[in-house]
Amino acid sequence: MSQDPSSKVPPAEQELPADFDQRITVNGLGLECPEPLQLLRKCVREAKEGQLIELLSEDPVSRRDVPTFCEFMNHTLVSMPSKLRPYHYLIRKGSSAKAN
């Protein structure tokens, strides 16, 4: 049995990062897998290193996909949503070595 990916990140109810008002918001509401992740990937490619990105999604599969994407692509999952929809993820773009 695999470990729940949400156990690796702080909950969404935490304090917001100081640069939250400068975030890029990706609206994946109403979309199903794999579309929210595709939108996130496109945004990450265009963002600067260290940029904060917020993903909004109603897709329950995103609770598995987003943490895996962040870990694989060397980004930081700043906050993981609760189980209530819509989900709000905060991702900080990591180093460009694996960002594409």
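The model is predicted, and local features need pLDDT of at least 70, side-chain atom pairs count only at pLDDT 80 or more, and totals for chains, interfaces and linings use all residues. Residues are numbered from 1 along each chain as its sequence is written, and side-chain values use heavy atoms, with hydrogens and water left out.

The sheet is the place to start. Helices (H or I, at least four residues) and strands (E, at least two) are DSSP runs, numbered from the N terminus. Two strands count as paired if DSSP finds at least two bridges between them. On this basis there is an open sheet of 4 strands, in the order E1-E2-E4-E3, and its pairing is mixed. Its edges are strand E1 (24-28) and strand E3 (76-79), each of which pairs on one side only. Neighbouring strands of this sheet are turned by 30° against each other on average, direction ignored. Axes here are lines fitted to C-alpha atoms, for helices over the stretch in contact, and angles run from 0 to 180 degrees between N-to-C directions.

Strands of a sheet pair through backbone hydrogen bonds, either parallel or antiparallel. Strand E2 (residues 52-57) and strand E4 (residues 87-92) take the antiparallel sense, over 6 bridges. Along this pairing, Leu52 stands opposite Arg92 in E4, and Leu55 stands opposite Tyr89 in E4. E3 and E4 are also paired in the antiparallel sense, over 3 bridges. There, Leu77 faces Ile91 in E4 as its opposite residue.

Helix H1 (residues 35-46) lies across E1, E2 and E4, and runs at about 160° to E1. Helix H2 (residues 62-73) packs on the sheet and touches E2, E3 and E4, with its direction at about 0° to that of E4.

What of the loops? The one between E1 and H1 contains Pro34, and the peptide bond from Cys33 to Pro34 is cis, with omega near 10°. In the loop between E3 and E4 is Pro86. The peptide bond from Arg85 to Pro86 is cis as well, with omega near 0°. The loop between H2 and E3 holds Asn74. Phi of Asn74 is near 70°, a positive value in a residue other than glycine.

Exposure is given as relative accessible area: buried means under 20%, exposed over 50%, and partly exposed in between (1.4 Å probe, protein chains only). Asn74 is partly exposed, at 37%. Ser79, by contrast, is part of strand E3 and counts as buried because its relative accessibility is 3%.

Last are charges over aromatic rings. A charge sits over a ring if NZ of Lys or CZ of Arg is within 6 Å of the ring centre and within 35 degrees of the ring normal. The charged end of Arg23 is placed over the ring of Phe20, 3.8 Å from its centre. Arg63 lies over the face of Tyr87, at 5.8 Å from the ring centre.

Terms used. Contact = heavy atoms within 4.5 Å.
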